[in-house]
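Please take the sequence and the model shown below and read them side by side with the paragraphs that follow. The account goes from one chain to the pair of chains and then to single elements and residues.

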Number of protein chains: 2
Amino acid sequence: MSSEYRTEARGEMPAEARGEMPGYEVALRLFQGFRLMIDELHAELARQGHPDLRPMHGFVFQAIGPDGTTAVELGRRLGVSKQAAGKTLDGLERLGYVVRESDPRDARRKVVRLTERGVDSLVRSARIFDEIRARWAVALGPDRLRAFESDLRTLTPSEMFPLDVPGWFGSD
Amino acid sequence: MSSEYRTEARGEMPAEARGEMPGYEVALRLFQGFRLMIDELHAELARQGHPDLRPMHGFVFQAIGPDGTTAVELGRRLGVSKQAAGKTLDGLERLGYVVRESDPRDARRKVVRLTERGVDSLVRSARIFDEIRARWAVALGPDRLRAFESDLRTLTPSEMFPLDVPGWFGSD
DNA sequence: CTAGGTTAGACAACGTGGTTGTCGAAATAG
DNA sequence: CTATTTCGACAACCACGTTGTCTAACCTAG
């Protein structure tokens with residue numbers, strides 16, 4: 001991270017003059033692109049009846065999945081302790097996005113499932129994301145956006161998205 | 001955010017078959033690209049003598065700037081209270097990345113400056129970012145990467161990068 | 001069938017980073 | 001000179017993560 005402290009590099013034409021970007025700016029702009037989408041998503045979700053959802057909740061819903069899961073397994077997927085996952089679920093349960101049902105086949109397990117409201121938020125999220133993408137297609141042109149997405153896939157090859165976002169940014 | 005709950009949309013050929021990407025995947029991959037760069041940056045920084053730096057610290061150093069700043073102003077730039085900014089600075093001061101000097105022209109102010117060690121971490125960060133970018137240039141080809149960066153700039157037009165990352169993800 | 005180990009979830013104590021509120025000292029406006 | 005603003009410090013509090021412990025339920029050997 002450095003704009004003022006940039007390593008001006010060995011001779012030749014500066015990178016910017018060749019239309020290139022300093023490495024740190026690529027990182028910053030990737031994050032900013034993500035953040036623009038997420039901020040707009042949640043502004044629109046708030047307008048559409050989901051004012052209490054936060055960026056993290058999308059990752060949680062994704063980790064819960066259509067078949068439900070347990071607090072332990074959720075903690076594993078999110079990279080946090082089962083207790084932390086449980087506390088997050090407490091909040092989402094209060095907001096009406098998930099329910100805990102007891103598993104008849106294993107009396108210890110409490111299976112967490114999305115409620116109708118939870119599914120509704122996911123359907124709306126998908127639509128809003130697609131609308132943002134559609135605006136990007138206008139801004140870049142559809143061919144250019146397809147190339148952009150293809151390159152993005154090349155650079156981030158994994159099939160599985162890392163969901164262990166909570167605490168990732170933290171200070172220690 | 002939805003893979004299983006995708007809105008399959010009205011008729012025609014599915015977006016994937018046209019080489020397009022669902023909107024939510026664009027967001028996820030932008031974040032993943034950022035995260036790949038940041039994770040590699042900090043792994044390499046740790047190897048080069050800066051094992052205690054965290055993703056957030058880069059934003060803090062950026063907000064401090066080459067001329068130094070005060071806790072109040074830093075809090076403003078990071079979007080947190082002056083007290084929170086002060087606590088963060090306490091930690092960085094203990095680690096030897098910043099010093100607080102009293103301002104002879106205003107006895108209330110304590111100007112925070114980067115130490116030599118702080119500047120060293122920025123110089124190394126810039127170099128590491130550029131190395132990662134260079135590998136991306138190999139993966140995509142230099143022309144394709146330039147186009148990618150150009151499109152990224154189009155999509156994230158702002159001059160100023162938002163530094164108010166702490167708490168942005170939080171749950172309430 | 002039972003004994004021992006494992007697993008899920010609840011509960012408590014704690015740490016870290018954020019918040020607000022208050023205060024005194026120093027600067028500034030009138 | 002006085003009144004107001006601003007900076008930094010201190011304290012109380014809160015949100016959200018952590019670890020540790022405990023009980024109930026399941027599973028597997030013998």
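This is a predicted model: local features need pLDDT of at least 70, side-chain atom pairs count only at pLDDT 80 or more; totals for chains, interfaces and linings use all residues.

A residue is called buried here if 20 or more other C-beta atoms lie within 10 Å of its own, and exposed if 12 or fewer do, with the C-beta atoms placed from the backbone. By that criterion, 35% of the 172 residues of chain A count as buried. When the contacts in chain A between residues at least 6 apart in sequence are considered, 48% of them join residues at least 24 apart.

The relation between the two chains can be taken next. Chain B is superposed on chain A, with an RMSD of 0.0 Å, by a rotation of 180° with 0.0 Å of shift along its axis, and that is the relation of a two-fold axis. The contact between the chains takes 66 residues from chain B and 68 residues from chain A. On the side of chain B that touches chain A, the elements that give two or more residues are helix H1 (23-47), H2, H5 and helix H6 (142-155) of chain B, and the largest share, 15 residues, comes from H1(B). Divided by class, the residues of that side of chain B are 36 nonpolar, 16 polar and 14 charged. Because 100% of the interface residues of chain B are also interface residues in chain A, the copies meet through the same surface.

One pair of helices shows how elements from the two chains meet. Two packed helices are described by the angle between their axes and the distance between the axes. Helix H6 (residues 142-155) of chain A and H5(B) pack at an angle of about 120°, with their axes 10 Å apart, which makes H6(A) oblique to H5(B). The crossing in which H6(A) passes H5(B) is right-handed. Asp151(A), Thr154(A) and Leu155(A) of H6(A) make this contact with Trp136(B), Ala139(B) and Leu140(B) of H5(B), and by class the contact has four nonpolar, one polar and one charged residues.

Within chain B, helix H2 (residues 55-64) is mostly covered, since seven of its 10 residues are buried. Those buried in H2(B) are His57(B), Gly58(B), Phe59(B), Val60(B), Phe61(B), Gln62(B) and Ile64(B). What covers these buried residues includes helix H3 (71-78), helix H4 (82-94), strand E1 (98-103), strand E2 (106-114) and helix H5 (116-140) of chain B. After H2(B) comes Gly65(B), whose phi is positive, near 75°.

Is Leu41(B) buried or exposed? With 23 other C-beta atoms within 10 Å, Leu41(B) is buried, because the criterion asks for 20 or more. Leaving aside its neighbours within four places in sequence, Leu41(B) is in contact with Ser125(B), Ile128(B) and Phe129(B).

Methods: Residues are numbered from 1 along each chain as its sequence is written. Chains are lettered from A and ligands numbered from 1 in the order in which they are written. Helices (H or I, at least four residues) and strands (E, at least two) are DSSP runs, numbered from the N terminus. Two residues are in contact if their C-beta atoms, placed from the backbone, lie within 7 Å. Axes are lines fitted to C-alpha atoms, for helices over the stretch in contact, and angles run from 0 to 180 degrees between N-to-C directions. Angles under 35 degrees count as roughly parallel, over 145 as roughly antiparallel, 65 to 115 as roughly perpendicular and the rest as oblique. A crossing is left-handed if the near helix is turned anticlockwise from the far one by less than a right angle, and right-handed if clockwise. Ala, Val, Leu, Ile, Met, Phe, Trp, Tyr, Cys and Pro count as nonpolar, Asp, Glu, Lys and Arg as charged, and the others, Gly among them, as polar. Copies are superposed by least squares on the C-alpha atoms of residues with pLDDT of at least 70 in both.
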